[in-house]
Amino acid sequence: MADQNPESVTLTIDSVSVTVPPGTNLIEAARTIGIEIPHFCYHKRLTVAGNCRMCLVDIEKMPKNQIACSTKVAPGMIVRTRSDKAVKARQGVMEFLLINHPLDCPICDQAGECVLQEFSYHYGTGGSRFEGEKVHHDKNVDLGPHIVFDGERCIKCTRCIRFCDEITHTYELGLFARGDHSIIGTFPGKSLDNAYSGCTADLCPVGALTMREFRFKQRVWFLRNTPSVCMGCARGCNVNLGINENRIWRITPRENEAVNQSWICDEGRLSYLPAQQAERLGSPVSSRAGGETLEEILSESALEQAAGTLSEIARRHGGATIAAITSGHATVEEQAALRQLVELAGGSRIALPIHERGEDDALLIRKDKTANALGAKRVGGANTTMEDLLAAIRTGQVRALIVLREDPLGDFGAEALAARGALDFLLTLDWRVTPTVKAADVALPVCAYGEMDGSIINFQGRFQLVRPGLAPFGESDPAWKPLLEIASRLGGAAAPKTFREAFRSGVARMAELSSLDTPALGKMGISLDNLSPQKS
Ligand code: SF4
Ligand code: SF4
Ligand code: FES
């Protein structure tokens, strides 16, 4: 009997009635009522290939089992996923898939998150009747700079091929030869080197595609996943930080329909590697002895020195001579704290350096390599360019400069060096030792990515939380803390003690958001345009 409502279709799956939009396939329809139909080749963001046959289900009035991934719902359809007919079919599929699969599980990187392993346990027979020699393929093939292929583990689901054809449109991969000689490979003269190649390892349901940078480094069950946001560009892709022993071992995509769907780029995925090689600033340093070299000082005396010098310069030359460089790499709370300090000291100039590279692409990558430039403008009060600020320093209009997570001496070279010579006081807050840190009068250590809570606003105006999974290095703090402690020494309010308080005081600067609190952002963030929280 046809559904009365053309907007929906009602059917029965395992005796449970389910109503879904027309055109929904049986895997997705079953998912809505918590029933898993096992599958390998199906992925909701790729076209249906229907080649693994793992999703076979028993449909009343149909003599043979049907694959759920390519079968659309129909009114009154009665589907059984656990009937003898369906169970037996799945067992047969598992047996076939495992005939040529090597017994690699103990040494396979996918172990612990391998769909084949899990389905073998849940839906297999636990044994094999195969007595011949398994087909052998090459086990360590470089498909590209980041992806290593094991031909014996591949179950030919073609997810990797479809990703390169349908998502990146780079067409590097193909399925070559026939029968049990079938093998995935790159077309002649091609390498799997598109900017999103790591996503093929995420998509691969078995351990056939692995990331060179991660393989054999960690067992996945040792990793704790921290849900966070990539700060590699203005997209702010949602990610999981795989952490063990206070170290990030891999970054993988976290699904967010509004931001990155299921993907991340290779640069963001591997951004933890250069960060781990950087020389860290672990303690406050000062050149107050007047010497060339910086010496470590106590945090308290660094804050006192900074506050004392800023108020002395404001008294002698006027508060307007105090300026700042904010950063799109900083969080909203840090940008707000910097602005608060500058304004309290009587200054107003806040420059925002631009970090652009390449071009925006059609998928995720943005040429703006900062995650929070919008925050710097909307909350952090950025109001001038680096060129104008450096000119103001050279002409004596600025005598004291506070630099947040930026390296003007490294990025602007001689121009910035000349400006440094004209400054009476340079205070910088950074997580690495940079040329600017080395030239500072006082440098304060701040947390690196993954070490602190914070919020950022991506280029679409999506307000999202970055989360900590690592302990702060040395005496590092989120930058809002020392900035507001200096501000409180200049007569400002007491510095917030917690991230939530810092967030509240930061967003309070945006009138339209002044009632917002951290829980509202959840794991998926919210759009500033409509402030409609997404399900987390
Ligand atoms: S390499 Fe992985 S994703 Fe590609 S076809 Fe084989 S099993 Fe599927
Ligand atoms: S597109 Fe940008 S935000 Fe997304 S993973 Fe790549 S660098 Fe990170
Ligand atoms: S998931 Fe349906 S055939 Fe592979």
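Me: Does Leu270 count as buried or exposed, and at what relative accessibility?
Reply: The model is a predicted one. Leu270 sits in the loop between α6 and α7 (272-277). Buried means under 20% relative accessible area. Leu270 therefore counts as buried, its relative accessibility being 12%.

Me: Which residues is Leu270 in contact with, leaving aside its neighbours within four places in sequence?
Reply: Contact here means heavy atoms within 4.5 Å. With neighbours within four places in sequence left aside, the contacts of Leu270 are His146, Met211 and Glu213.

Me: What separates the C-alpha atoms of Leu270 and Ala493?
Reply: Along the chain, Leu270 and Ala493 are 223 residues apart.

Me: Is Arg254 buried or exposed?
Reply: Arg254 belongs to the loop between β13 (247-253) and α6 (266-269). Outside the four places on either side in sequence, Arg254 touches several residues, including Pro227, Asn240, Gln261 and Met524. The relative accessible area of Arg254 is 11%, and the limit for buried is under 20%. Arg254 is therefore buried.

Me: How far apart are the C-alpha atoms of Arg254 and Leu241?
Reply: The two residues are 13 residues apart along the chain. The separation between the C-alpha atoms of Arg254 and Leu241 is 9.5 Å.

Me: Where does Thr518 lie, and what is its relative accessibility?
Reply: Thr518 is part of the loop between α15 (499-507) and β23 (526-527). Beyond four places in sequence, Thr518 touches Leu465, Phe499, Arg500 and Phe503. Thr518 counts as buried, with a relative accessibility of 11%.

Me: What is the phi of His169, and how accessible is this residue?
Reply: Most residues other than glycine have a negative phi. His169 is not a glycine, yet its phi is positive, about 55°. The residue is found in the loop between α4 (159-167) and β8 (173-176). His169 is partly exposed, at a relative accessible area of 48%.

Me: Which loop holds Phe216, and what is its phi?
Reply: Phe216 counts as exposed, at 59% relative accessibility. Its loop runs between β10 (209-211) and β11 (224-229). Phe216 is a residue other than glycine with a positive phi, near 65°.

Me: Which residues are around ligand 2, and how many of them are nonpolar?
Reply: The shell consists of Cys230, Gly232, Cys233, Arg235, Gly236, Cys237, Ile264, Cys265, Gly268, Leu364 and Ile365. Of the residues in this shell, 1 is charged and 3 are polar. The number of nonpolar residues is 7.

Me: What share of the contacts in the protein joins residues 24 or more positions apart?
Reply: The protein has 15 helices and 23 strands, and 54% of its 536 residues are buried. Counting contacts with a separation of 6 or more, the share for residues 24 or more positions apart is 63%.

Me: How far apart are the mean positions of the positive and negative charges?
Reply: The protein carries 59 positive and 64 negative charges. Their mean positions are separated by 4 Å.

Terms used. Residues numbered from 1 in each chain as written. Chains lettered and ligands numbered in written order. Predicted model: local features only at pLDDT ≥ 70, side-chain atom pairs only at ≥ 80, totals over all residues. Heavy atoms only, no water. Near = heavy atom within 4 Å. Nonpolar A, V, L, I, M, F, W, Y, C, P; charged D, E, K, R; others polar. Helix = DSSP H or I, 4+ residues; strand = E, 2+ residues; numbered from the N terminus. Buried < 20%, exposed > 50% of the residue type's maximum accessible area, 1.4 Å probe, protein only. Lys, Arg positive; Asp, Glu negative; His and termini not counted. Charge placed at Lys NZ, Arg CZ, Asp CG, Glu CD.
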